[in-house]
Amino acid sequence: MLERRARKERTEVTFVLPAEPPPGPVSVVGDFNNWQPGTHTLQARGDGMRAVTVTLPGKSAHSFRYLAAGDYWFDDEQADSHDGINSRINT
């Protein structure tokens, strides 16, 4: 699930997943962090979900995927669109 909060010239995007599955650490990896695993790791939050917020430029589009332990890559089914194997978000 993607949560968005518009700011002046940027958008705060919160990437949200259930606590499990998949088990273990999960990070969101995309063109906004040079596809570097571990840069934006989802953390547990009070509602039983896990999430991480990333600030992106407004009126832009980005490719991303999730990476879990064991080199398990997966997409966000609720993304704005998909580009091949990547999820896409529009801010």
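Start with Phe32: setting aside neighbours within four places in sequence, Phe32 is in contact with Phe15, His40, Val54, Leu56, His62, Ser63 and Phe64. Keep in mind that this is a predicted model. Phe32 also turns up among the residues that touch the most other members of the largest nonpolar core, a set of 17 residues; the others in that group are Leu2, Phe15, Val26, Val28, Phe64 and Tyr66. The elements giving two or more residues to this core are β2, β3, β5 and β6.

One of the contacts of Phe32 is His40, so let's go there next. His40 sits in the loop between β3 and β4 (43-44). Is it buried or exposed? His40 has a relative accessible area of 17%, and because the cut-off for buried is under 20%, His40 counts as buried. Its side chain makes a polar contact with the side chain of Asn33, at 2.9 Å. Leaving out neighbours within four places in sequence, the contacts of His40 are Val26, Ser27, Val28, Phe32, Asn33, Val52 and Val54.

Val26, Ser27 and Val28 bring us to β3. Val26, Val28 and Gly30 point one way from this strand, Ser27 and Val29 point the other way, and all of them are buried. With 5 of its 5 residues buried, β3 is largely enclosed by the rest of the structure. Which strand does β3 pair with? That would be β6: 5 bridges join the two, and they run antiparallel. Along this pairing, Val29 stands opposite Arg65 in β6.

Arg65 is worth a stop. At 14% relative accessibility, Arg65 counts as buried, and its side chain meets that of Asp75 in a salt bridge (2.9 Å, N to O). Arg65 lies in strand β6 and Asp75 in the loop between β7 and β8, so the pair ties together parts that are 10 residues apart in sequence. Asp75, for its part, is partly exposed, with a relative accessible area of 27%.

Arg45 forms one with Glu3, with the closest N and O atoms 3.2 Å apart. This pair links distant parts of the chain, as Arg45 is in the loop between β4 and β5, Glu3 is in strand β1, and 42 residues separate them. Both partners are partly exposed: Arg45 at 28% and Glu3 at 29%. Arg4 lies in strand β1 and Asp80 in the loop between β7 and β8 (81-83), so parts that are 76 residues apart in sequence are tied together. Arg4 is partly exposed at 40%, and Asp80 is partly exposed at 36%.

Now for the sheet that holds β1. It is an open sheet of 4 strands in the order β1-β2-β5-β4, with antiparallel pairing. At its edges stand β1 (2-6) and β4, each with a single partner strand, so one side of each is left without a neighbour in the sheet. The partner of β4 is β5, joined to it by 2 bridges, and Ala44 stands opposite Arg50 in β5.

Back to the rings. Phe15, Phe32, Phe64, Tyr66, Tyr72 and Phe74 form one aromatic cluster, and the structure holds 6 aromatic pairs. Tyr72 and Phe74 form a stacked pair, with 5.2 Å centre to centre and 20° between the planes. Tyr72 is partly exposed, with a relative accessible area of 43%, whereas Phe74 counts as buried at 13%.

Most residues other than glycine have a negative phi, and most peptide bonds are trans. Where are the exceptions? A cis peptide bond joins Glu20 and Pro21, with omega about -5°, and another cis bond joins Pro21 and Pro22, again with omega about -5°. Pro21 lies in the loop between β2 (10-18) and β3 (26-30), and Pro22 is found in that loop too. Lys59, although not a glycine, has a positive phi of about 50°; it sits in the loop between β5 (49-57) and β6 (61-68) and is exposed at 83%. Asp71, also not a glycine, has a positive phi of about 60°. Its place is the loop between β6 and β7 (72-74), and Asp71 is exposed, with a relative accessible area of 58%.

Key: Residues numbered from 1 in each chain as written. Predicted model: local features only at pLDDT ≥ 70, side-chain atom pairs only at ≥ 80, totals over all residues. Heavy atoms only, no water. Buried < 20%, exposed > 50% of the residue type's maximum accessible area, 1.4 Å probe, protein only. Pairing = 2+ DSSP bridges. Polar contact = N/O pair within 3.5 Å; in protein donor to acceptor, adjacent residues only side chain to side chain. Contact = heavy atoms within 4.5 Å. Phe/Tyr/Trp six-rings, centres within 6.5 Å; stacked < 30°, edge-to-face > 60°. Core = buried A, V, L, I, M, F, W, Y, C linked by side-chain atoms within 4.5 Å. Salt bridge = Lys/Arg side-chain N within 4 Å of Asp/Glu carboxyl O.
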